[in-house]
Amino acid sequence: MSLDLAIRVTEIALAMAFLQQSIEHMQVPGDERHLFLLRIILSIFLLFGFQAQWVCLALGILGVFILKRFQGPYNGGSDRMGMLILCCLALIHFMPALRWQEYIFGYLAMQCALSYFIAGWVKIVNPEWRNGHALQDVFRFSAYPVSESLRTWADWPRLLCLMSWVVMLFELLFPLALFSHITLITGLVIAAGFHFANACLLGLNRFLWIWLAAYPSILWLQERIFVHG
């Protein structure tokens with residue numbers, strides 16, 4: 001995958017993610033609705049590649065106002081990843097040298113890969129995750145829109161303990177997938193499936209689309225380092 005193609009796919013995926021997020025705010029009156037209406041318009045421009053460098057810059061500035069409106073990234077990791085991707089794209093468009101464009105896009109890829117490793121490390125040092133109690137609490141007590149039938153999963157501690165270890169080990173080992181194109185594709189498919197399951201079970205749909213938008217950078221970096229050298 002060429003750098004230009006990977007960047008363009010990232011722009012399209014990010015635009016679609018922003019559209020999905022912004023539409024959720026259209027029922028809210030006041031300045032919040034105006035902010036996200038503007039982001040919808042800019043995201044449509046980005047989706048079709050219209051003046052991408054200035055649109056990315058405008059979306060970045062708008063993102064600052066949205067952060068101020070909600071006093072920070074109110075959706076946590078998905079908002080942070082969205083801003084990271086957006087800032088990297090804006091910087092790439094304003095960098096005249098190909099080398100610096102590659103450095104920035106590679107940085108995005110490494111941040112995405114490390115996001116899984118760090119998530120796994122935070123979990124595995126927590127005894128509540130190692131013994132499965134953390135997942136039990138998610139299904140039994142959390143405010144996530146888990147259906148009543150899924151809440152019965154909390155009554156299966158051994159299963160949830162096994163699930164906890166599968167998630168932790170996958171996240172910790174994810175960076176190793178970069179050493180092979182086949183293992184990377186497999187890892188990304190599994191990771192996307194993990195995000196999809198979280199979206200269906202817990203309603204965490206924003207993580208799915210934002211992390212998918214970062215995947216082209218990882219695919220490009222793996223090919224750039226291990227194929228072209």
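User: Before we start, how are the residues numbered, and what does a predicted model need for a feature to count?

Analyst: Residues are numbered from 1 along each chain as its sequence is written. In this predicted model, local features need pLDDT of at least 70, side-chain atom pairs count only at pLDDT 80 or more, totals for chains, interfaces and linings use all residues, and side-chain values use heavy atoms, with hydrogens and water left out.

User: Where do Arg 8 and Glu 11 lie?

Analyst: Both belong to helix H1 (residues 3–23), and they are 3 residues apart, about one turn of the helix. Helices here are DSSP runs (H or I, at least four residues), numbered from the N terminus.

User: Why is Glu 11 called buried, and why is Arg 8 called partly exposed?

Analyst: Let's set each value against the cut-offs: buried means under 20% relative accessible area, exposed over 50%, and partly exposed in between (1.4 Å probe, protein chains only). Glu 11 has 3%, so Glu 11 is buried. Arg 8 has 24%, so Arg 8 counts as partly exposed.

User: What links Arg 69 and Glu 32?

Analyst: Their side chains meet in a salt bridge, at 3.2 Å from N to O. This pair links distant parts of the chain, with Arg 69 in helix H3 (residues 52–69) and Glu 32 in helix H2 (residues 31–47), 37 residues apart. Arg 69 is partly exposed at 34%, while Glu 32 is buried at 9%.

User: How do you know that Glu 171 and Lys 123 tie together separate parts of the chain?

Analyst: Their side chains meet in a salt bridge of 3.2 Å, N to O. Glu 171 lies in helix H9 (residues 157–173) and Lys 123 in helix H5 (residues 98–124), so the pair ties together parts that are 48 residues apart in sequence. Glu 171 counts as buried at 4%, and Lys 123 counts as buried at 15%.

User: What else does the charged end of Lys 123 do?

Analyst: The charged end of Lys 123 sits over the ring of Trp 129, 5.3 Å from its centre. For that label, NZ of Lys or CZ of Arg must be within 6 Å of the ring centre and within 35 degrees of the ring normal. Arg 39 likewise lies over the face of Phe 18, at 4.4 Å from the ring centre.

User: How many aromatic pairs does the structure hold, and why is Phe 170 with Phe 174 called edge-to-face?

Analyst: The structure holds 7 aromatic pairs. In the pair of Phe 170 and Phe 174, the ring centres are 6.0 Å apart and the planes stand at 70°, so the pair is edge-to-face. The rule is that rings of Phe, Tyr and Trp (its six-membered ring) pair if their centres lie within 6.5 Å; planes under 30 degrees apart count as stacked, over 60 as edge-to-face and the rest as tilted. Ring pairs also link Tyr 116, Phe 170 and Phe 174 into a cluster. Phe 170 is partly exposed at 21%, whereas Phe 174 is buried at 3%.

User: Which residues lie nearest the centre of the largest pocket?

Analyst: They are Lys 123, Val 167, Glu 171, Phe 194 and Asn 198, among 26 lining residues. The largest share of the lining, 7 residues, comes from H10.

User: What makes Val 189 exposed?

Analyst: Val 189 has a relative accessible area of 56%, and the cut-off for exposed is over 50%, so Val 189 is exposed. Val 189 lies in helix H10. From Val 189 to Ile 44 there are 145 residues in sequence and 27 Å in space, C-alpha to C-alpha.

Note on methods. Helices (H or I, at least four residues) and strands (E, at least two) are DSSP runs, numbered from the N terminus. A salt bridge is a side-chain nitrogen of Lys or Arg within 4 Å of a carboxyl oxygen of Asp or Glu. On a 1 Å grid over the protein atoms alone, a cavity is a set of points where a 1.4 Å probe fits but cannot get out, and a pocket is an open set with protein on both sides within 12 Å along at least five of seven lines; lining residues have an atom within 4 Å of a point.
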